[in-house]
Amino acid sequence: MNNRFISLVEENKIDFYRYLNLVISNNNKLLVKGNLLDIFREFKSNNNGQASLIEEAIDKIIESVCMSNKLYLEVREDINISAFFLFNVEEKYYEEISELDYLKAQEQFVEPGSNGNILTLDFKPFYDKFPSIRQTKSIGHGVEYLNRYLSSRMFNEPEKFKQALFDFIFVHRYKNQPLILNDRIKNTDQLILNIDRALKLLWKKDDDEPYNNFRNDLQNLGFEPGLGNTAGLISLHLQQLDRLMHSPDHIALKEFISSIPMIYNIAIISPHGYFGQQNVLGKPDTGGQVVYILDQVRAIENQLLNSLAEAGLDADPKILILTRLIPNAGDTDCNLRIEKVHNSKNTFILRIPFRNKDNQILQNWITRFEVWPYLEYFAEDAYKELLAELGGRPDFIIGNYSDGNMVASILAKKFGVTQCNIAHALEKSKYLYSGLYWKNLEQFYNFSVQFIADLYAMNSANFIITSTFQEIAGTEEGIGQYESYSFYTMPGLYRVKYGVNLSHPKFNILPPGVNTVTYFPFTNEQERIKETTNEIETLIFGSQDEPDIFGKLSKPELIPIFTLARLDKIKNLTALAKWFGMSSEMQEKANLVIVAGKIDSSLTPDIEEKEQIDLMHSIINEHNLSNKIRWIGKLFRKDQSGEVYRVIADHKGIFVQPALFEGLGLTVLEAMRSGLPVFATKYGGPQEIIEDERSGFHIDPVNAEETTIKIISFLDRIKKDPAYWDKISSRAIQRVDHEYNWKNYAASLISLANIYGFWKFTSNIEMTEMNAYLDVIYHLLYKPRVDDVLHRTSHT
């Protein structure tokens, strides 16, 4: 595993130890890759550039811990492969150590003299019982591996898995009506015989002959609705089932299981923030996740309606978005118990209030970092509400973000249904050393609860959806969001030796789509509403005074650099303002247009947003930007939200997304679909969305000089060659249309729900031990930390 790193060290031992001496002498004793590379550049400079032979070895080190003359290193040999070393720089020897020894070294660094007697969590024995993907490049393609694995087991243990498939099909019903099979078929042998009889019947019929014309004939043979609405479709699905009974293969398994009508009622969980359809975006903790879910549910509903009709069922599927009811909801509808989702048939937002142990309902919004004491009661109430609204249990539960995934885990176990998790963004990888220095951060973020909740939910989920590969396993240079849970320590509380198996087939990459009704190319003039265009033009380039607008552009003819996001540290918009303020060249060529947060920090209850608002004002004042920046701190209507990108595109502007980390980047997709050249962070999803210098540009938000040069170079180039802007714009639109499509997303998601439902049915016994372990963690770690949050916070 670590042969390359060891060989590089052995071949260049003198230079390598000289470099380590420089690391040890650094004032900062806990360093990450960027720090280590900075030290190497200094080392190389001091040696007249003659140290390049050790550069590859140093590039593999992603973290170091220095204690006296000892240096502990985490070395990333490859994606999802780390090794750990102890180097004694004084005595010039090294040895490979275990991840547990490395975690204990971190603990000693943070808490010198600690005895290391804390709980160690290890999920590896449970994962050893499950199949595991062998090739790194296949991580995130779990369903493809799972189909092959299941069909292989059916082939190798035919009688056992024929029976399992038969039992799985037989249990399906819709409102007490048998589906696919009835009790005229008693066993697998009879099923095989009657498939042959049914196919002979169907071969005599036209492919498009309606099912109702021969329904009674098929029922007499033991086949009920659910196989298709025409003779051709029923014949196709019976042939697939016949193949599975005789010579199973992964293609037939996927196609047949995906076609079974299993999903009618879905619960989608998203408790935190202001979840609504009007006047919510831009409020604290309310952004891309709300947009994602609202677009997602419409696509899922359309997919269910079409697939159930195609299966020959007259069914009325229902989707409920479960979120928090906020009595003091301001100008939003978040105080309404139930609200129909616009442009849907039977999809609703169902709101349930947070209550405490004394049954008192919380009246006001609270930050996502303080919801933990209320989730267990929220789940209890949600269980009752879902039964009442759906007339029974949901068929499928989808959790969102840490809090929604925790509630989804509780509900899925209670209902006994398939659970899917969507993290959107895991906080652990956003905040440097958030586990190691959790005690310092606890009063602000309560990470001691959130991280154990994440660990609990990702291990209990039947499958997990991510938008990108690196969300799971990172890159060769850095770890992924889920990978950050593989091993870590929270000194004085617990450590994780093996937290999650990234090679488990539960992980699936399924990027979302873009709302093409709202976000369409700026060149589609016939779809644009002139009044809305003029309204946005005036808002951005006009000179009117409004309380929620800051700054007037003295030279509105300059190219607009546009950004849109929440105002928080991770979104990093204040850094973009600072880059702009420090570059006179950028100011000569462009204006800066920011849509974010509020203008007055006294108007927000969010502490982090207050800090960022005040910082933005400070930067604007320091660099005298009030006539070069237009800062809009107001919410856009739905019809305005797409037009703002298009108006910027009319002026041949660019969109900049400078986040320190971005799970996916919905605004990146929206801007690209609208036709804007996009400059977006290379940390997170945008790195996979954008093909660098083809359909957009990657930027490094921690390297201000490099990013500034990249933006200025583009501005210079399009001035000399305007066609270059058009080329990037066109490629951006093509990229999104081809790769980020809600229709494909919805079809894939329902297929995943079916296949993992089948796996859950056939492997439920194997989860018993894992669930028992999770139950211990819930009561031993999660609940005590929740109680601690409750004691430290007070909400009304």
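Trainee: In which sense do strand E21 and strand E22 pair, and over how many bridges?

Mentor: Strand E21 (residues 590–595) and strand E22 (residues 629–632) pair in the parallel sense over four bridges; strands pair if DSSP finds at least two bridges between them. Strands (E, at least two residues) and helices (H or I, at least four) are DSSP runs, numbered from the N terminus. This is a predicted model, in which local features need pLDDT of at least 70 and side-chain atom pairs count only at pLDDT 80 or more, while totals for chains, interfaces and linings use all residues. Residues are numbered from 1 along each chain as its sequence is written, and side-chain values use heavy atoms, with hydrogens and water left out.

Trainee: Which residue stands opposite Trp-631 in E22?

Mentor: Ile-594 does.

Trainee: What is the strand order of the sheet?

Mentor: The order is E19-E22-E21-E20-E23-E24-E25, in an open sheet of seven strands with mixed pairing. Strand E19 (549–550) and strand E25 (697–699) are the edge strands, each pairing on one side only.

Trainee: Which helix packs on the sheet?

Mentor: Helix H19 (residues 530–541) does, touching E19, strand E20 (559–564), E21 and E22; contact means heavy atoms within 4.5 Å.

Trainee: Changing topic, what span should helix H5 have?

Mentor: At 1.5 Å a residue, the 12 residues of H5 (residues 99–110) should span 16 Å, and the end C-alpha atoms are 17 Å apart, which agrees. The expected span is 1.5 Å times one less than the number of residues.

Trainee: Which residues of H5 are buried?

Mentor: Among them are Leu-100, Tyr-102, Leu-103 and Phe-109; buried means under 20% relative accessible area, exposed over 50%, and partly exposed in between (1.4 Å probe, protein chains only).

Key:
Axes are lines fitted to C-alpha atoms, for helices over the stretch in contact, and angles run from 0 to 180 degrees between N-to-C directions.
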